[in-house]
Amino acid sequence: MKWIKNEKNYRIPIKSWCEEVEDGALKQAENLAMHPALVRHVALMPDCHQGYGMPIGGVIAVKDAVIPSAVGVDIGCGMVAVETDIPAERLMEMSFRRMIQEKLKERIPVGDAVSHKEPQNWDGFEKYLDKNGQVANFANALDRKNLGTLGGGNHFIEIQKSDTGFVWLMIHSGSRNLGKRIEEFYHHRARALNERFHVQLADPNLAFLPIQEPDGHNYFRDMQFALDYAQENRHRMMAVMKETIAGFIPETNFLREVNIHHNYAAFETHFGETLCIHRKGATSAKQDEIGIIPGSMGTASYIVRGLGNLDSFMSCSHGAGRRMSRIAACTNLSVEECDSAMSGIVCERWKPYRKYGKNKGYLDLSEAPQAYKSIEDVIDSERDLVTPLVRLMPLAVLKG
C-alpha cells in the first residue's frame with residue numbers, strides 16, 4: 001500500500017496502492033469516502049484512473065446495497081487466457097503470425113458495431129427469463145448476434161509468448177451492449193429512488209439500490225446474467241482461437257484456461273461480515289486464486305496468484321491503467337513513436353479516430369502503449385496483493 005487518507009468530512013478512509021492518483025479519480029474516491037452506504041474503506045488499485053462516478057481500478061464494500069455505476073457499463077468485462085505447449089520459436093516468422101491473425105479476424109467479429117450475421121444459440125438466454133425481473137427487456141436480437149464477438153475500444157485478442165518460451169492465447173472482452181443497457185436502466189432507477197427519499201450524495205452518479213428493494217434484487221440478478229453472458233462470450237471466442245491455432249499447428253495441446261471478470265459486484269465475507277464487494281476495473285485476488293493482469297498492446301501481461309490481502313478486499317489491478325485520455329492520446333502522440341513501440345509485433349495499422357467530430361483528422365492512437373501506465377510499475381506496486389507467476393509478451397495483437 002502506498003498511502004492512506006482520512007479527512008474529517010470522510011465517513012471512511014481511502015487506502016491506495018496507486019502512488020499518484022489523478023485529480024479526477026481522487027475526487028471520485030473522496031465522493032465514495034463520504035457515501036452513506038459504504039463501509040470499511042475505499043481501495044484504489046495501482047492502475048487507478050478516472051471513470052464514471054467511481055474510479056476505474058477501485059474496490060468498495062457496500063452494506064445491503066448495490067451501486068450500478070460502481071460496477072460500470074461493461075458488466076462482466078474480463079479476461080481469458082490459455083496456456084499451450086507450442087514453443088514460441090514456431091511463431092517467430094511474422095508472416096506466419098499474420099496469417100493466423102487474418103484467419104482469426106475472419107472467424108471472430110471484431111469492432112464496436114460488428115456482430116454475427118445470425119443469432120447465436122445459448123441456453124443462458126432462457127435461463128433467466130422466468131425469474132420475475134427485467135431481464136427479458138435486455139436480452140434482444142443484438143445480444144444473440146453479439147455472443148462470441150470481441151467489441152471495440154480496449155478489447156483485444158493476443159498471441160503471446162512466456163518468458164519460458166511457450167505460446168499463450170489471451171482475450172479481453174465483456175458483455176457488449178447488454179451490460180451497458182442493464183447499467184443504464186438500473187442507474188436511472190437508483191437516481192430516482194435516492195431523489196425520492198432525499199438521500200444526500202456527493203455525486204448523484206453514485207446512486208444506490210437497497211438489495212431488499214425489488215430493483216436492487218433485480219439489478220443483482222440481471223448483472224449475474226450479464227456476467228454469465230460475458231464469460232460465455234470469452235469462452236466462445238477462445239474456442240475459435242484454439243481451433244484456429246490447431247489448424248495451423250495440429251500437434252498443439254492446450255494445458256490450462258483461466259476466465260475471470262473485472263467489472264462486477266459479489267457478496268463476500270470480509271472482516272467478519274457479509275458485504276457487497278464492487279470491483280470496477282479490479283480483479284479478485286483471494287489467497288492462491290489465479291488471475292490475469294494484462295498490459296497495454298506492445299507490453300507485458302501477467303498471470304498472477306492472489307495473496308488474499310484484506311486491505312484490498314482481496315483484489316488487485318485489472319491492467320496497466322490509462323495515463324492519457326483517448327482524445328489526448330490521439331492528439332498528442334505521433335504515429336512514428338507508436339509504430340516504434342509495436343516493433344516486431346503483428347498488428348493492424350492505426351485507424352482514423354471518428355468518435356468525436358472535432359477529432360476526425362486524427363488517427364486512433366488511444367490504445368498505443370504510450371497511452372497507458374507502465375505495467376512493470378503497476379505490478380511492483382501490488383506485490384503485497386499478488387505474486388507474478390508468468391510474464392507474457394505479445395507476438396500478435398488484434399484490437400477492436
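User: How many bridges pair strand β7 with strand β8, and in which sense do they pair?

Analyst: Let's start with the idea. Strands (E, at least two residues) and helices (H or I, at least four) are DSSP runs, numbered from the N terminus, and two strands pair if DSSP finds at least two bridges between them. Here β7 (residues 156-162) and β8 (residues 166-173) pair over six bridges in the antiparallel sense. Within that pairing, Gln 160 has Trp 168 in β8 as its bridge partner.

User: What should I know about the model itself?

Analyst: This is a predicted model, where local features need pLDDT of at least 70, side-chain atom pairs count only at pLDDT 80 or more, and totals for chains, interfaces and linings use all residues. Residues are numbered from 1 along each chain as its sequence is written, and side-chain values use heavy atoms, with hydrogens and water left out.

User: What is the strand order in the open sheet of six strands?

Analyst: That one reads β1-β2-β3-β4-β12-β11, and its pairing is mixed. Its edge strands, β1 (3-5) and β11 (263-270), each pair on one side only. The twist here averages 20° from one strand to the next. Two helices to find on your screen are α1 (residues 23-33), which lies across β1, β2 (14-16), β3 (38-49) and β4 (56-62), and α6 (residues 214-248), which lies across β11 and β12 at about 115° to β11.

User: How many bridges join β11 to β12?

Analyst: Eight bridges join β11 to β12 (residues 273-280), and the two run antiparallel. They form a hairpin with two residues between them, and Phe 271 in the turn has a positive phi of about 55°. His 270 has Glu 273 in β12 as its bridge partner, while Ala 266 stands opposite Ile 277 in β12. β12 also pairs with β4 in the antiparallel sense, over five bridges, and there Ile 60 stands opposite His 278.

User: Is β12 mostly covered or exposed?

Analyst: Burial goes by relative accessible area: buried is under 20%, exposed is over 50%, and partly exposed is in between (1.4 Å probe, protein chains only). β12 is mostly covered, with six of its eight residues buried.

User: Why does Gly 174 count as buried?

Analyst: Gly 174 counts as buried because its relative accessibility is 0%. Gly 174 sits in the loop between β8 and α5. Leaving aside neighbours within four places in sequence, its contacts include Asp 74, His 155 and Arg 234.

User: Which residues have the most contacts inside the largest nonpolar core?

Analyst: A nonpolar core is a set of buried Ala, Val, Leu, Ile, Met, Phe, Trp, Tyr and Cys residues joined through side-chain atoms within 4.5 Å. The largest has 49 residues, and those with the most contacts inside it are Leu 38, Val 42, Ile 60, Val 62, Ile 75, Tyr 219 and Met 223. Helix α6 gives the most to this core, with seven residues. Beyond its neighbours within four places in sequence, Met 223 is in contact with Val 71, Ile 75, Ile 182, Tyr 264 and Ala 265. A second, separate core of 36 residues includes Leu 275, Ile 277, Val 304 and Ala 320.

Conventions:
Axes fitted to C-alpha atoms, helices over the stretch in contact; angles between N-to-C directions. Contact = heavy atoms within 4.5 Å.
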